[in-house]
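Please keep the sequence and the model in view while reading.

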Amino acid sequence: MHPLISRYLDVRRHTLGLAEPLSPEDCAAQSMPDASPAKWHLAHTTWFFETFVLEAHESGFAPFEAAFRVLFNSYYNGVGARHPRPQRGLLTRPPLAEVLAYRADVDARMQRLLPTLVHDAALCALVELGLQHEQQHQELLVTDIKHLLSCNPMHPAYRPAQPVAVECAAAPPLVWHAWAGGLAEIGHAGGGFAFDNESPRHPVYLQPYAMASRLVTNAEFAAFVDDGGYGQPAHWLAEGWDWRAAQGLEQPLYWQRDGSTWHEFTLAGLRPLQGAQPVVHLSYFEADAYARWAGARLPTEAEWEHAAAPVLCDRAFDEAASELLHPGVAWGSGLAQLVGAAWQWTQSSYAPYPGFRAAEGAVGEYNGKFMVNQYVLRGSSCATPPGHARASYRNFFPATARWQFAGVRLAKDMG
């Protein structure tokens with residue numbers, strides 16, 4: 001079997017495995033406009049292959065269901081009309097069984113088509129883009145279902161059969177690692193896959209800087225909360241302070257206080273907050289406020305990549321998600337938790353690299369048109385599929401986004 005066909009089947013199976021613990025009711029609900037129902041993720045990732053691969057290359061192409069072209073289009077204006085994103089939870093029809101039949105039908109057709117096209121480099125690149133796109137939706141499926149389940153006062157677990165986590169060992173001391181700065185290069189290099197927003201590779205000039213050896217822990221962030229950090233405007237950007245006040249926020253998403261004890265909702269249900277684990281589900285505003293309170297700052301994306309790239313290239317790293325789909329305690333020497341724990345906010349606005357050009361056609365809408373009013377996150381999280389992380393990866397969200405596994409790695413100026 002050609003490696004691309006094998007990879008296609010593996011990625012598609014992994015998505016179904018993530019949906020397996022969910023009921024049809026779980027798969028249909030939408031907890032907020034930024035999140036999508038699991039059923040929609042299952043269908044949209046299938047829509048990508050039907051629309052961009054089968055429609056253009058399958059002899060005698062006919063859609064599985066013509067209405068799906070509108071229902072499961074996300075933001076591709078070049079393809080046509082779209083169902084409104086905030087109303088995806090209203091799509092009780094088609095039922096989950098029909099969406100699964102849609103996936104099976106497209107997979108069977110792709111398996112027949114791919115062996116005839118594996119020598120077409122452009123088509124193989126398009127299929128790989130679709131697989132990377134599906135891996136992004138695998139992570140979104142997990143974080144979206146976590147938000148949905150958190151809205152239920154029963155605090156249900158995503159995987160009820162999982163063991164309850166034991167109290168974690170202490171986190172290692174935070175150590176500062178310094179770099180002299182100077183001229184460096186960032187951006188995708190080599191022959192492996194990268195999204196278009198990771199290129200072109202280009203020079204940047206860095207002032208001397210230092211980055212923390214690990215992510216900020218729950219215990220460290222709890223100290224900020226207990227010190228009244230959410231009530232002190234001096235720590236907050238003006239827009240962040242107004243947003244925090246309007247939302248009435250006093251702690252991270254999924255934290256709940258029971259008397260004097262903090263609990264955290266996880267995909268294994270509600271459990272006592274583990275102080276040694278990284279704090280997650282922070283907005284950019286919260287991450288930035290904590291950094292100011294701690295006498296530090298967030299790194300730039302160029303600093304993060306400059307520091308992380310040699311580590312990720314020179315040694316093997318474990319990025320497999322834990323069974324509980326929650327980040328674990330830092331371990332080892334050097335820079336820990338670069339990948340596989342939490343996405344790390346940077347102070348860099350999401351903008352094109354010098355010389356960036358979006359691809360022609362609807363596929364060119366993938367990244368470039370979102371380069372406004374968002375911040376870059378680097379690394380990967382415990383919900384990121386294995387094999388999806390790399391040093392040049394640029395994730396991006398608005399400053400108020402909290403439902404992703406996003407945490408904090410501190411930085412500071414040197415010299």
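## The enclosed space and its lining

A cavity is here a set of grid points where a 1.4 Å probe fits but cannot get out, and a residue belongs to its lining if one of its atoms lies within 4 Å of such a point. The model examined in this way is a predicted one. Rolling a probe the size of a water molecule over the atoms shows where empty space is left. When the whole structure is searched, one cavity of 30 Å³ or more is found, and the largest cavity holds about 50 Å³ of space.

Which residues line the largest cavity? The lining consists of A29, Q30, S31, A35, S36, P37, A38, L141, D144, I145 and L148. Helix α6, which spans residues 121-150, contributes the most to this lining, with four residues. By residue class, the lining of the largest cavity divides into seven nonpolar, three polar and one charged.

Strands of a sheet pair through backbone hydrogen bonds, either parallel or antiparallel. In this model three strands make up an open sheet in the order β1-β4-β12, with antiparallel pairing. Its edges are formed by β1 (176-179) and β12 (411-413), each of which pairs on one side only, and from one strand to the next the twist averages 25°.

The pairing of β1 with strand β4, residues 209-212, rests on four bridges, and the two strands run antiparallel. Within this pairing, W176 stands opposite A212 in β4.

## The pairing of β2 and β3

Strand β2, covering residues 182-186, is joined to β3 by five bridges, again in the antiparallel sense. Which residue of β3 is the bridge partner of L183? That partner is Y205.

T266 is part of strand β6, which comprises residues 261-266. Why does T266 count as buried? Its relative accessibility is 1%, and buried means under 20% relative accessible area, so T266 falls within that class.

The side chain of T266 also has a polar atom that lies 3.0 Å from the backbone nitrogen of A268.

Conventions: Residues numbered from 1 in each chain as written. Predicted model: local features only at pLDDT ≥ 70, side-chain atom pairs only at ≥ 80, totals over all residues. Heavy atoms only, no water. 1 Å grid on protein atoms, 1.4 Å probe; cavity = no way out; pocket = protein on both sides within 12 Å on 5 of 7 lines; lining within 4 Å. Points joined across faces, edges and corners; volume = space filled by probe spheres on them. Nonpolar A, V, L, I, M, F, W, Y, C, P; charged D, E, K, R; others polar. Pairing = 2+ DSSP bridges. Axes fitted to C-alpha atoms, helices over the stretch in contact; angles between N-to-C directions. Buried < 20%, exposed > 50% of the residue type's maximum accessible area, 1.4 Å probe, protein only. Polar contact = N/O pair within 3.5 Å; in protein donor to acceptor, adjacent residues only side chain to side chain.
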